[in-house]
Every structure is written in structure tokens, then in C-alpha cells.
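Below are some notes on the model, as numbered points.

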Amino acid sequence: MIRIIDATLSRLDDYNLTRDEIYCFIELMGEIGVKDIQLSVNVYYTMDGELPEGFHYYLEVDTSAYIKGIYPEKDENIKLYFTPKQCKNDKEVPYYQINSLEDNTRYELPDNRKLMKVIGLDNLILGGCVAGMEALKKKFCFERLILCPENTYHCATAIASLFLQYKGYAVLTSMMGIGEYAATEQLIMSLHVMDRYMVSRSFRGFLDLREWLENVLGGTISPIAPVLGRKIFYVESGVHVDGILKKPTNYEPYEPELVGLQREVTLGKHSGRNSIRYKIEKLKPGSIALERIDEILEDVKSMCRITGEAVSEDDFIKIIERYERNERNT
Amino acid sequence: MKETLKIVDTTLRDGEQCSGAIFLPEEKVKLALLLDQIGVYEIEVGIYDRRTEGREYLSRIMSKKKQAKISIWSRLNPKDVMEACHQKPDIVHIAAPVSYVQIYSKLNKNKAWVEKQLAECMEISNNFHVDVTLGFEDASRADIGFMIKLAVMAEKLGVKTVRLADTVGIFTPVRAGNLVAEIRSHCGVAIEAHEHNDFGMAVANSLEMANRGAAFIDCTLFGIGERAGNCNMYQFVHACESGFQTGIEKKKILLCMEQLKVMLKPSFENFV
């Protein structure tokens, strides 16, 4: 069974999330099929313990709160408590920050049925995936391990994916990898495409999650961010436009609509005749400019050479209209 | 001693396929010479297309560069390869479709056609004495048997390096690494890893491919490229440095990134 626990909310304590924002985020996670949510004590108290139903909640308790006992110790809504290196009862799962497996430290719990959470291991696969997983196996029982790989070497999503392939109990991730974790959206889409995970589900909710993140974080997500970027399905290259128009799967890992995005043909210096034809038919169906495709393509290319920028739709319409006028006058 | 990895920069080719990224010829020359300066092994400077950006920028790069190999990208088309060879780059990269979806569905051809085209293209490049790297386009969805057959054939025709292109970015590290190992077990061509970042695994996949025997790793500055981009050079060099040497200092990559930032137009303001 694949378990992905999303930890985004617990990484945003500095942003003073409101009740509405937290509620909205959890509901949106539900829409993309994520039902396991890690909360911080701060987020829990902001919600006064009133959490949306239908989810499993995990509470991350930091050392200070744990020692002082400032956390809701007996809330039925909380499935597990992630507690620093110790556990007083069955619902407490100790967590460890481990940066390397090379030392001789052993991480064994008195009760071998209990879960354990490990954060770190950012260098786990730098020397090879199999070697990394074998080293991890020597120290931990995968069936009882919740792994939260960190992203110092930009391998966190790959480590999370690998750990799930090795039948690990669960991975802990966050949207866009906030907090230097593996990215929830990347992992889900990789599993969906390659392993048919949640095969019949729509992931259009990523669109609203992107908006939520931009509102909370106060910025715009990179247009080429995996899964979330606005422009990841924009295509300019002549060869690829041709392939995509014939059959989108030629150059796309999944349908843009699956994640609420759209395919868009843009015009630039690498555009070809098919792009020009496609754009004219889209913007001015039946235009007589369709008979002057080669010349229009040359205009588009030379415009790009001069400006160093793509040709906008407005500018392209002006080009078409100029050709239409010329055609009518002749 | 750490193993050596050769970095192939494709910012000026695949990076420019990032929608909206358009580089002027003089900008290409400037960035290519910077990449040459910092020790990048090979710089893929573009797709040969006379109508798009002319040919002058390539000869300027060729005459001024100090050490990097300069390559241009070509389709598996004898005419294109001939034109590319005429430009006298160090390397012509020929991209051969290898997946059924590319061969049958996109091109409406068959495997025999791919083999025939390859033989013709190689005859031309051999006549010009231009080195060729052969790209297996869409390798992550292709039949391993066909790729091995093509790699063996390519080696006999004089190809020394095969690029495994994860064209739609769906590889995971284990699958990517297994493909490298499998091809290497059947022939002696060097392997070049070309990853896309659709699932955020481009760095991890490239690293695993290096661990399993790939000698060349394709990267772009800021990881720009089609869709979610390619393997980010700075991030890759950072990730691989405990096990490999690339001959490139990370802080010098930052200089190139600054230059690229200037080249990317306002629509990319929040892009990097």
C-alpha cells in the first residue's frame, strides 16, 4: 500500500495560516487523493482541534512542546504523534534526524512492532540506488519506517519514490518540496503515470493548490515547475508542435488537462509551418492568410530575431490582418 | 581517485526549447564562450536551421572557443546531417526516434526505416570526418531490444557515444540506470544521459545513470528546457561531487547563470 503523508501545513508555521486557509488546503489535498496530513502543534491549535473529516492526521511535536507537554496528548482525531526520539504510548512514533548511514548508531525500538520516522538521508542514493537502499535496509525495517528524505542534493522525490517501490511503510512529502522535502505533486504524478497509482482520479485540484500556495507564500510559482508550472505544456519547437498536434502523447508524459493545465502552441524562432497553420486556424479560422504560410513564418522568425522574444497572439493577429489586407488589395 | 564525468551543456539547444526563451545569435556566442571558459566538455549550441538563426554564430563560437567541443543537433535526415556537417562543428548530434510511439505514430515509419536512415546519415558524417553522437529519442518508452540492436549497429558505423533521451521525463532512477547497464553490456559505446524534469527526478536519474556507467551528462543552466526543463547543471554538479569530478567549479556556473538571466526576457522574471 502506498502511503504519502503531506507535511506542507507543518512547514508553514512562519506564515501564520488562518483557519480558513488550513481548512481549504486540507480539502484540496483530499481532492487530489491525499488523505494523510501532518500538522504542527501550531496549526492544530489554530484549528482548535476542529479538523475536516475523512483524513488521517499526524501531529509533529517538537522537543520543546513535548517536554513541556504543550500539545493535545489525547485527541482521537490524531492518528499518530511524531515525537522526538521517544515514545510514551502506542500512538507516539519517535522521529530521528539522520544525515548519514555511515556511523554505527543503531536505531532499534524496544517494541519491534512500532513505527519509526526518519528525516534526512539526503545523500542516500548519491552512490547508487541499490547500494543506498541496501544500507538503509541494514539499519531499519522498511515495513515500519516512515521516511522523510531531505532535498539537499535534489534527489528527495526520487528517494521517496524508490522507498515506496521497496515497500516502505510511508513517505513524508510537501507541496513543491517546501521545507526541503520531496515534492508531493511530483511523487503523485510519477506514481500515477508509471505505476497507475490512483488511475481514475483527476488531479485538477493541483491548479487550486498552486493558487493556494501563491496566495500564502506571496509570489508566483515558476512557469516550468514540474506539475504546477503554468507553461509546462507550452510548446514552440516546430518539430515537436508537429508531433504533438498529430498525437499529444508523442511529447507529453500525461494529458495537461489531468492537472488542470492546457496545451498551448506559442510562436517563436523555432516555429514551423504547422504551428503557423494551427495558430491561424485557431485565431482567424478560414483566413485567406492560410495561403501565405511560408511568408508569415518568415515574418515570425525575423520578428523573433529582432526582438529576442516570442510573438504574442496580438502581434500575430496583426501580421495575419496585414496579409489579409494585402490579399484583398491584390 | 574520483571518476571523471563529462558535462554536456544544452542550454542553447534544449534550453531554448523552453517556450518563450529566445536567444539572439550574439547572446549565444557570449554564453557559449563563457561555458567554454568554465570547463564544460561539450556545448550543444543549437539546431541547424539556416532560416532561423543563420550560421555565423556557429563559426564565431568555433573560432573563439578554447577547449569545449561544439555540437549541433540534427534530425535523422541525411539532408539535415549534410547541412549540419557543412557548418564544421566538432560534433553533429543525430536524434533517432526509437520508441514505437515516435517511429510509428509520429513519423508513420518503421524500425527498418530508422536503421536505413542511420546508415545514410553516418555515411555522410563519416565522409565529412565529423564526430557523431547518436541520440535515442524517447528511450524511456522504447523497446530495449531495438535500442540494443541500434546501438550495436551504430557502433559498427562509427558512433562512439549514444545519448539516452528521456524525452517525456518519465524515468525513475532505477529504470534509467538499468537501461544504461543493459546497453553497456551489449556494446562498447559510451553513454550520455539526457533527462527531463517532469517529475523532479532529472538530477537523481542523471546521477544514477552516471553510477551505472554513463560518461556524459546533459545539463542546462537553471534547468531550463521543454516542459519542466532538463537536468540543472548547478544542482547536478553539487549532487555528484562526492563521487565524481566534472572539472567545473560550482561558483563559475553561477557566472554563466547570471549571463543567462540577462538573456531571458521579462516574461521570465519569476522564472529563476
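1. In this predicted model, helix α4 (residues 78-86) of chain B packs against helix α6 (residues 111-128) of chain B, with axes that come within 9 Å and cross at roughly 15°. Angles under 35 degrees count as roughly parallel, so α4(B) and α6(B) are roughly parallel to each other. Their crossing is right-handed.

2. On the α4(B) side, the residues that meet α6(B) are B:P78, B:V81, B:M82 and B:C85. Their partners in α6(B) are B:E120, B:C121, B:I124, B:S125 and B:F128. By class, this contact has seven nonpolar residues, one polar and one charged.

3. Chain B as a whole contains 11 helices and 10 strands. Its C-alpha trace spans about 45 × 40 × 35 Å along the principal axes.

4. Of the 272 residues in chain B, 60% are buried. Taking contacts in chain B between residues at least 6 apart in sequence, 74% join residues at least 24 apart.

5. The contact between the chains takes 52 residues from chain A and 44 residues from chain B. On the chain A side, the elements giving two or more residues are α5 (156-165), α6 (184-195), β10 (234-235), α8 (238-246) and α10 (293-307). The largest share, five residues, comes from α6(A). The chain A side divides into 24 nonpolar, 19 polar and nine charged residues.

How values were computed. Residues are numbered from 1 along each chain as its sequence is written. Chains are lettered from A and ligands numbered from 1 in the order in which they are written. This is a predicted model: local features need pLDDT of at least 70, side-chain atom pairs count only at pLDDT 80 or more; totals for chains, interfaces and linings use all residues. Axes are lines fitted to C-alpha atoms, for helices over the stretch in contact, and angles run from 0 to 180 degrees between N-to-C directions. Helices (H or I, at least four residues) and strands (E, at least two) are DSSP runs, numbered from the N terminus. Angles under 35 degrees count as roughly parallel, over 145 as roughly antiparallel, 65 to 115 as roughly perpendicular and the rest as oblique. A crossing is left-handed if the near helix is turned anticlockwise from the far one by less than a right angle, and right-handed if clockwise. Two residues are in contact if their C-beta atoms, placed from the backbone, lie within 7 Å. Ala, Val, Leu, Ile, Met, Phe, Trp, Tyr, Cys and Pro count as nonpolar, Asp, Glu, Lys and Arg as charged, and the others, Gly among them, as polar. A residue is buried if 20 or more other C-beta atoms lie within 10 Å of its own, exposed if 12 or fewer, and partly exposed in between; C-beta atoms are placed from the backbone.
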